[in-house]
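Welcome, and thank you for taking a look at this one with me.

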Amino acid sequence: MTVRLHKTPAAPATLLISGGRVVDPGSGLDGERLDVLVREGTITEIGPGLEATGVERVDARGLTLLPGLVDPHVHLRTPGDEDEEDIASGTRAAAAGGFVAILAMPNTNPVVDSAQVLDSLVLRAGEEAVVATGFFAAISTGQAGARLVEMAELADRGAAGFSDDGNPVERAALLRRALQYSRITGLKLSLHEEDMSLAAGGQMHEGAVSAELGLGGHPSIAESVMIGRDLQIARHENAPLHLCHVSAAESVAEIRQAKELGVAVTAEVTPHHLCLTDRAVAALDPATAKMNPPLRSAADRAALIDAVSDGTLDCIATDHAPHRAEEKEVPFEEAANGVIGLETAFSAVYTHLVAPGLVSLSTIVERMSTGPAAAFGLDAPAIRVGAPANLGAWDLAADWLVEPPYASRSTNCAFAGQLLHATCRLTLAAGTVAHRVIEVAEVGER
Amino acid sequence: MDTQHPLTAERRHLIAIGDLDRAAVQRILDTAEGFQSVMRRDVKKLPTLRGRTVMTVFFESSTRTSSSFELAAKRLSADTMSLKASGSSVDKGESLKDTILTLTAYDPDVIVIRHAGIGSAAMITRHTDAHVVNAGDGKHQHPTQCLLDLYTMRAALGRIAGLQVAIVGDVLHSRVARSNIIGLTMMGAQVTLIGPPTLIPRGIEAMGVTVSYDIADLGHADVVYILRMQRERMDEGANYVPSLREYSARWGVTPDRVRPDQLVMHPGPINRGVEIAGAVADAANSRIIEQVRAGLVVRMAVLYDLLTEPAGTPGESALRVVGEPEPAAAGQEVA
């Protein structure tokens, strides 16, 4: 099979990570004071009191080791808007947030709709990416919704899937053809669901807050009617489907029903939709509160949290969307949509969902690691002997204030100004050290 | 960044009517009443804000608001400068942020801003040291309109608390409606919104109002507050109402729909024969021109309140006109 994830070559890590708590629901592991020995990028031993001479040692007492996180929805703004993000800065932000693999959306300038553009990204990722990075190709040429891209060739060149994200596939007949034809590639379509006529003029969720602020309302049904349509098409074609950034309770109901009917649908939700509501828009700061789909009501948020718990929503994905300051330092309606989220994703979800007891840590780890890996046919990160080292070492008790500077090149963070739990001290991605803010003891010292 | 700027903070702004509490509204209305007495004198200029600079920056067209703010500042002896979007660097594509940074270089004490963008007034507080007064930010807020409406109601009926106010028309697109709902409710009035279902925003009941689609419900109101119906709402594709004709027939305020004991108000400019019949606008119970008059003294009061300590209504000295001697020390120049 074609290699779909790319990363700059780096020296494989050889490390003894000692004394931490290890939590890996996929491997059925939850133990205190365990040592994890990594040799040449591969986990070779897990157990208490491991001896290893001539190996760098990381004191992980007080830290929690989790499988590396996987994000199937980021915008790396390359090519075309490298002043907002590039592959180097975007993957550093990913590593800082404990991610070991990310998939980038193709709504760049130019759009990733040809082998040439995809090849250039694969080349750059091989030089710059500090975590494993894959690239979606567009569904339609220029994401214009008219003509299918050359899916077979793009799949051969290593596309990770197909998406017109940023735009819905408005014409039902085009989506149907895309589902039929993409079958030959074995790759999934990832859909941005929005009925443009219902969403027209929408600046935020339509509800009591939009009524008070006077901002145009983007109703929940703008998302759910499109999801309903596309799930019917997928069911008719017996084709798998992935849904981006689900935000509304009505959408959750559609997905739950489709799964009961056996539709092979997977779906994601962002940390900001899980942690925040449309009340956050009242401050009228587009840098933190303007995105599409918009932050929705408290009832929607509760439905999303339930859906993460019961597995109706398989993945938590950031929709990391960097923007230059000029696009956000304008009145709300003129501002660009989107917030960055790679560095805050796990910490925000841990703070707002796990710490208050709404969702268990193991469920969150599954939705941020094995869930997205399974949705796109990637190897699931695991803390298991013989597996490549893909893990994060977290200090769950260490609070940090979300503020610049960020590893990302942009600053439009939804959680800016918040004090979050959980600080990522170390990320090993594909066997290499991608992020480290922790002392390493002298070689061999115990 | 923080966008909540209560009028009691160190550098005070007036961005939304909710920035004020009940006491602050009373204080501003009382101050305006004091200024009203001065406006009846021959010399109408007060020295209160001498040496202060008030800039009015209007990115949207306006007659009443821009002229009354400018005149209000002049009546208080402030230096004024007004910028209109056309003919300025805004035509050359200068951003709002850069325009405000530029104007701030002249150290204005107050910037009065009207802009089509919701949150624009709040946004510029992050880029200027001046007190900011929102003279209308898109569909969001128009707090001085609310204050002048409260002033007009109080002057005509002697109270605001307990009044039944019907706001009629296009609430969805109206910053005036949003400001008045908050201001009236805060001051103890009961608000009913009346209009087509397509022009009453979903969820607005959460602001503590009653919603009706039936113009006959005007009958319960002490005050009938009519909103301007804009022609764009009938544009093809918008479909808020099928036609102006049908809107007027269903929701236009005609003589047979109001009683002489009900007060009629409208923020202007009015569309005679559309949302309000000419006979209603010109009737004895109409307060439309009084609203305009109130706009001047209320905006004087807002500028006065922002630039002086919020210690209460202006005393004798604040209400002495230019050139008038202090009663205690006759002959002495007023400072």
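Two residues are in contact if their C-beta atoms, placed from the backbone, lie within 7 Å. This is a predicted model, in which local features need pLDDT of at least 70, side-chain atom pairs count only at pLDDT 80 or more, and totals for chains, interfaces and linings use all residues. Residues are numbered from 1 along each chain as its sequence is written, while chains are lettered from A and ligands numbered from 1 in the order in which they are written.

Leaving aside neighbours within four places in sequence, B:Thr192 is in contact with B:Ala166, B:Val209, B:Thr210, B:Ser212, B:Asp217 and B:Ala221. You will find B:Thr192 in strand β6 (residues 190–194) of chain B; helices (H or I, at least four residues) and strands (E, at least two) are DSSP runs, numbered from the N terminus. B:Thr192 has 17 other C-beta atoms within 10 Å, so it is partly exposed.

Five strands of chain B form an open sheet in the order β7-β6-β5-β8-β9, with parallel pairing; two strands pair if DSSP finds at least two bridges between them. At the edges are β7 (210–212) and β9 (263–265) of chain B, each pairing on one side only. From one strand to the next, the twist averages 20°, where axes are lines fitted to C-alpha atoms, for helices over the stretch in contact, and angles run from 0 to 180 degrees between N-to-C directions. Strand β8 (residues 223–226) of chain B pairs with β9(B) in the parallel sense over three bridges, and B:Val224 has B:Val264 in β9(B) as its bridge partner.

B:Val224 turns up again in the nonpolar core. A nonpolar core is a set of buried Ala, Val, Leu, Ile, Met, Phe, Trp, Tyr and Cys residues joined through C-beta atoms within 7 Å. In soluble globular proteins, nonpolar side chains tend to be buried together. The largest core here has 237 residues, and A:Val131, B:Val168, B:Val224 and B:Leu303 touch the most other members. Helix α9 (residues 288–307) of chain B provides the largest share of this core, 10 residues. Not counting residues up to four places away in sequence, B:Leu303 touches B:Leu49, B:Val54, B:Ala72, B:Ala73, B:Leu76 and B:Val110.

How is chain B divided? Its parts are domain 1 (17–142 + 293–319) and domain 2 (144–290), with bounds that come from an automatic or database domain assignment. The C-alpha centres of these two domains of chain B lie 26 Å apart, and their contact takes 22 residues from domain 1 and 22 residues from domain 2. On the domain 1 side, α9(B) gives the most, with six residues. The residues on that side divide into 10 nonpolar, seven polar and five charged; Ala, Val, Leu, Ile, Met, Phe, Trp, Tyr, Cys and Pro count as nonpolar, Asp, Glu, Lys and Arg as charged, and the others, Gly among them, as polar.

The chains meet as well: 19 residues of chain A are in contact with 23 residues of chain B. On the chain A side, helix α6 (residues 208–213) gives the largest share, five residues. That side divides into nine nonpolar, four polar and six charged residues.

Within chain A, strand β6 (residues 69–74) is largely enclosed by the rest of the structure, because six of its six residues are buried. Four bridges join β6(A) to the parallel strand β7 (residues 99–104) of chain A, and A:Val70 stands opposite A:Ala101 in β7(A).

Most residues other than glycine have a negative phi, and most peptide bonds are trans. The peptide bond from A:Thr78 to A:Pro79 is cis, with omega near 5°, and A:Asn292 and A:Pro293 are joined by a cis peptide bond with omega about 0°. A:Gln143, not a glycine, has a positive phi of about 50°; with 23 C-beta neighbours inside 10 Å, A:Gln143 counts as buried.

How values were computed: A residue is buried if 20 or more other C-beta atoms lie within 10 Å of its own, exposed if 12 or fewer, and partly exposed in between; C-beta atoms are placed from the backbone.
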